[in-house]
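The following note sets out points for a colleague who has the sequence and the coordinates at hand. Please read each point beside the structure.

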Amino acid sequence: MEPVLLAVTAGALLAGGIAWLGGSGPVAAACWAAGTAAAILPAVAWVIGTLRRGRAGVDLIAVLALAGTLATDEYLAGALIALMLATGRWLDAAAERRASHDLRHLLEHAPRSARRRTGDEVRTVPLSEVRVGDLLVVGPGEVVPVDGRIEDGTAVLDESVLTGESLQVERTAGETVRSGGVNAGTAFELRACATEQDSTYAEIVRLAQQAGAESAPVIRLADRYAAWFLPLSLAVAGLAWLVSGSAVRAVAVLVVATPCPLLLAAPVAIVSGLSRAARQGVVIRDGAALETLGRARTLILDKTGTLTTGRPRVIDVAAAPGHTPAEVLALAASVDQYSPHVLARAITDEAHARGLALAPVCDVSEEPGRGATGRVGSRVVSVGRHADTSLPAWARAADNRATLDGAAVAWLTTDSSLSGAILLRDPLRHDAPRTLRRLREAGIQRLLMLTGDRAEPAREIAAVLGLDDVRAQQSPADKVAAVQAEREHAVTVMVGDGVNDAPALAAADVGVAMGARGSSASSEVSDIVLTTDRVDRLADAATIAVRARRIAVQSSLGGMLMSLAAMAAAAYGLLPPAAGALLQEGIDVAVILNALRALRVDRTAQVAIEPATEQLIQRFAAEHDDLRDVIEAVRETADQLSETTGPQALDAVRHVDRLLTDRLLPHEYAEEHQLYPALAPTLGGPETTATMSRAHTEIQRLARRITTHLQLADANHGRLRPEQIDDLRACLYGLYSVLRLHFTQEEENYFSLAP
């Protein structure tokens, strides 16, 4: 109806204007009166519809103003009001179409069919017929139809619709991919791991279909404004008529008090916020969730999978005398490559990352809760728990380290002899510290962590992140109780990813699910789903919500204040009806355009990284992963120096010196001269990286000191002097500590800027 009404009212106004210029006043008046009358019927229908929904709409003022212009023969003003009403409705509809474009894109992007391979035949079948285990072919440019695992080759995927990231990603054989990504490379085969309804993209589409702004509290707030604005307008109009005795003044007041699209600016801003969030990989169920997130002051987070990656990672490998860490890890991975256990997968991934060759294994068996056993050559190798309580000194040290670090231990035994220990821990997400800082900037005043884990690792993470409170060993019922208690004091958001988080997510004012790898139960009860496995998207959503709500309130109140000023001028006779209609038209258009600002990117909310700098970040992040064995070698050598100072210990120091010279120091030099200069303009100048540069200097100083110790040992016929031992050991332990801290700081402060 909006385009038709706009055409009719604009045509009537134009025809009347032409007739008036031609000297035909009665024809002009008739055209303008016809345009006015054409707008009355739709306006009455909108008022009735609003009243049926139990809302007091300001369209009633427009109806009274239109009727008043006809009654007082102010036909030009009536035509202008009619055009204003039609223009406002059309602008609002166009704005909502623009704002919801990204949500509609999700629906249009949804795959409808898949190509299924059966033997040598490939047939296109409806997506509903795809079953788990089917072998599918995904051609170039096609959408991945269901969640699955790549059967062979390498897939190059554009996952921007899922993650908001424009960079293409590569997935190799054996890796899982999510439905919704677009094949940007050559064709590949996919083994279906889920049906259409259970796949990632189907869940996103279901959430997007529920998105809308009609129930947002800020829009109900606008309705409350209308509840007093309507009687105030009528009172001012009546008073102007009573005092002046002129009905024209009353009509003029009603004309400038006709903000038909004015209060619709609130839903435009909210829907714009929903659209902006969708581009960032955040699907919000409705406008109420977005608006409530914008008012939130307390944030409760689960630990595992939310603040941590949710995937265990090898943090240390201890070897018994006569064995090396590389040997221990390779043997363990050789046996564990056949195990589906999450720790086994972490051990195997670490061995592959270090480029270790895995030995062939036979007679593999696994006992639940105990571990896996297999035969490697002539040896029987087991990985898992160790029942013997009497541990040698090296094993007790490893076990103590695991206790202090909150790590799990996978023991390696060879022919029933304890050979090594692998320590694994779920690491903190690199983007978690920056995310929490941004959330505080967005208005979150209290950060609380709830976890079912033990108190020691929970408190360590809370200390690192600067949380206000932490509660460990929480059951699902405990989490619900904690959420309800926090809601009594402030609007509360709960963030989680597991099935055990679902009740707490439902109990919060706003539930946020880590939907990329989280459970479907948590996604189904949540108001907001992060479709990419990045917790910093939560900060993006909060920033967008705060901005959208601020713009919505600003648009409503600002427009009403301008209308009130115009009403006062009209009541004093300073604004005739026709001029008032033109002024109100400008106010309404300005307010709607202001509401559309919620679609734009807030440049101050996040750091913008140039593509070249992003590539540098990704390069050095990969080098960090490659250098982890160097850092561990430094500590292992320091440990060895504590046990013996003989030739074997000196050889270990020489090995570390070569690693530092050939691998670590070139990496630090490249960071200092390539990465830091590239980051400096974005972060605010070279002073922002000065502290990290000082760490580079300290690393080089300690490395040179170790080299000097070796030169002194060579001058002493290849033996370390007794007076060297303490200082050399201190250098090694000091370097290990500096490197770990330095790497962590770079990963949290710099590498987290890029996906």
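Two residues are in contact here when heavy atoms of theirs lie within 4.5 Å. This is a predicted model, in which local features need pLDDT of at least 70 and side-chain atom pairs count only at pLDDT 80 or more, while totals for chains, interfaces and linings use all residues. Residues are numbered from 1 along each chain as its sequence is written, and side-chain values use heavy atoms, with hydrogens and water left out.

1. Helix pair α9 and α21. Arg249, Ala252, Val253 and Val256 of α9 meet Ser563, Ala566, Met567, Ala570 and Ala571 of α21. Helices are DSSP runs of H or I with at least four residues, strands are runs of E with at least two, and both are numbered from the N terminus. The contact of α9 with α21 comprises seven nonpolar residues, one polar and one charged. In this grouping Ala, Val, Leu, Ile, Met, Phe, Trp, Tyr, Cys and Pro are nonpolar, Asp, Glu, Lys and Arg are charged, and the others, Gly among them, are polar.

2. Geometry of that pair. The axes of α9 (residues 247-256) and α21 (residues 536-571) come within 8 Å and cross at roughly 170°. That makes the two helices, α9 and α21, roughly antiparallel. Axes are lines fitted to C-alpha atoms, for helices over the stretch in contact, and angles between N-to-C directions run from 0 to 180 degrees; those under 35 degrees count as roughly parallel, over 145 as roughly antiparallel, 65 to 115 as roughly perpendicular and the rest as oblique.

3. Thr36. This residue belongs to helix α2 (residues 25-52). Is Thr36 buried or exposed? Thr36 counts as buried because its relative accessibility is 0%; buried means under 20% relative accessible area, exposed over 50% and partly exposed in between, with a 1.4 Å probe and protein chains only. The Thr36 side chain reaches the backbone nitrogen of Ala79 at 3.1 Å. Leaving aside neighbours within four places in sequence, the contacts of Thr36 are Leu66, Thr69, Leu70, Tyr75, Gly78, Ala79 and Ala82.

4. Salt bridges. Side chains of opposite charge can pair when their charged atoms come close. The structure holds 33 salt bridges, each being a side-chain nitrogen of Lys or Arg within 4 Å of a carboxyl oxygen of Asp or Glu. Asp625 and Arg313 form one of them, at 2.9 Å from N to O. This pair links distant parts of the chain, with Asp625 in helix α23 (residues 611-626) and Arg313 in strand β12 (residues 313-319), 312 residues apart. Asp625 is partly exposed at 42% relative accessible area, and Arg313 is partly exposed at 27%.

5. Further charged pairs. A salt bridge joins the side chains of Asp509 and Arg487 at 3.0 Å, N to O. Asp509 lies in the loop between α19 (502-507) and β21 (510-514) and Arg487 in helix α18 (residues 476-487), so the pair ties together parts 22 residues apart in sequence. Asp469 forms a salt bridge with Arg471, the closest N and O atoms being 3.5 Å apart. A network of salt bridges links Asp316, Arg401, Glu632, Arg635 and Asp639.

6. Glu196. This residue is found in the loop between β9 (188-192) and α7 (200-209). Glu196 is partly exposed, with a relative accessible area of 24%. Glu196 and Asp147 are 49 residues apart in sequence and 8.2 Å apart in space, C-alpha to C-alpha.

Technical notes
A polar contact is a pair of N or O atoms within 3.5 Å; within protein, one must be able to donate a hydrogen and the other to accept it, and residues adjacent in sequence count only if both atoms are side-chain atoms.
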